[in-house]
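Here are a few notes from me to read alongside the model.

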Amino acid sequence: MQNSVCRSLYILCEGSVYAQMTSEEGREFTLDTLSAPDVLASSFLFGTENILPVTIVANSDCEIWIVSRECVLSLIEQDKTVLRNFLTILSDHSLFLSRKLEQFALQTLSSRLIGYLEHNKTIQNLQETAFILGVTRPSLSRAIAQLIRQGTITKADKGYILA
C-alpha cells in the first residue's frame with residue numbers, strides 16, 4: 001500500500017501488477033504495469049525514508065517472493081553478481097522514473113498520447129487510456145480530436161491509431 005514502510009524486497013514471480021499513486025483528493029495515476037519476472041519497490045528498500053510511494057495492485061493471480069532487507073543485504077555482501085544485478089535494477093528503475101517524470105512534467109498531452117500510441121499501437125478504451133495517462137476522459141477526447149484534425153492519428157476498426 002502507498003505510504004507503507006518497505007521492509008522487504010518483492011519479487012514478482014508470476015502474474016502482472018500495476019503501480020498506482022493516489023493523491024489526497026483521490027486522484028489516481030497509474031505509474032506502470034509490471035509482469036513477471038520483475039522486482040517491485042527495489043528503490044525504496046535501503047532508503048533513509050523507505051516508504052512505498054505507490055500501491056501495487058494485482059492484474060491477475062500473482063506469486064510474489066518476499067525477501068527481507070537483511071537477507072538481500074547478506075546476498076549482496078556474499079556475491080558480487082547479486083550486487084551488480086541489484087545495482088542494474090536500481091539504475092533501470094531510476095531511468096524509468098526520470099523518463100516518466102519528463103513525460104508528465106515536460107510534455108503536452110498530445111505528445112504523451114503520441115508516445116502512448118507508439119508504444120501500444122492502438123487506443124481501444126478511452127477511459128482506461130485516460131486512467132493510464134493520468135487525465136480525465138474529456139481531456140483525452142479533446143486531445144484525440146485535435147490530433148485527428150491534424151492528421152496525426154486516425155480512427156480505425158480496432159480503435160485510434162497513428163496515421
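1. Let's start with the largest nonpolar core of this predicted model. This core holds 14 residues, and those with the most contacts inside it are Leu113, Ile123, Leu126, Leu133, Leu140 and Ile144. At least two core residues come from each of helix H3 (109-120), helix H4 (126-133) and helix H5 (137-150). There is also a second, separate core of 10 residues, with Leu9, Val39, Ala41 and Phe86 among them.

2. Leaving aside residues up to four places away in sequence, Leu126 touches Arg137, Leu140, Ser141, Ile144 and Tyr160.

3. Now to how two of the helices meet. H4 and H5 pack at an angle of about 100 degrees, and their axes are 9 Å apart. H4 is therefore roughly perpendicular to H5, as angles of 65 to 115 degrees count as such. On the H4 side the contact is made by Leu126, Gln127, Thr129, Ala130 and Leu133, and on the H5 side by Arg137, Leu140, Ser141 and Ile144. By type, the residues of this H4 contact with H5 are 5 nonpolar, 3 polar and 1 charged.

4. Finally, have a look at Glu28, which lies in strand S3 (residues 28-35). Not counting residues up to four places away in sequence, Glu28 touches Gln20, Met21, Thr22 and Phe131. The C-alpha atoms of Glu28 and Ile132 are separated by 9.1 Å, although these residues are 104 residues apart along the chain.

Conventions
Residues numbered from 1 in each chain as written. Predicted model: local features only at pLDDT ≥ 70, side-chain atom pairs only at ≥ 80, totals over all residues. Heavy atoms only, no water. Core = buried A, V, L, I, M, F, W, Y, C linked by side-chain atoms within 4.5 Å. Buried < 20%, exposed > 50% of the residue type's maximum accessible area, 1.4 Å probe, protein only. Helix = DSSP H or I, 4+ residues; strand = E, 2+ residues; numbered from the N terminus. Contact = heavy atoms within 4.5 Å. Axes fitted to C-alpha atoms, helices over the stretch in contact; angles between N-to-C directions. Parallel < 35°, antiparallel > 145°, perpendicular 65-115°, else oblique. Nonpolar A, V, L, I, M, F, W, Y, C, P; charged D, E, K, R; others polar.
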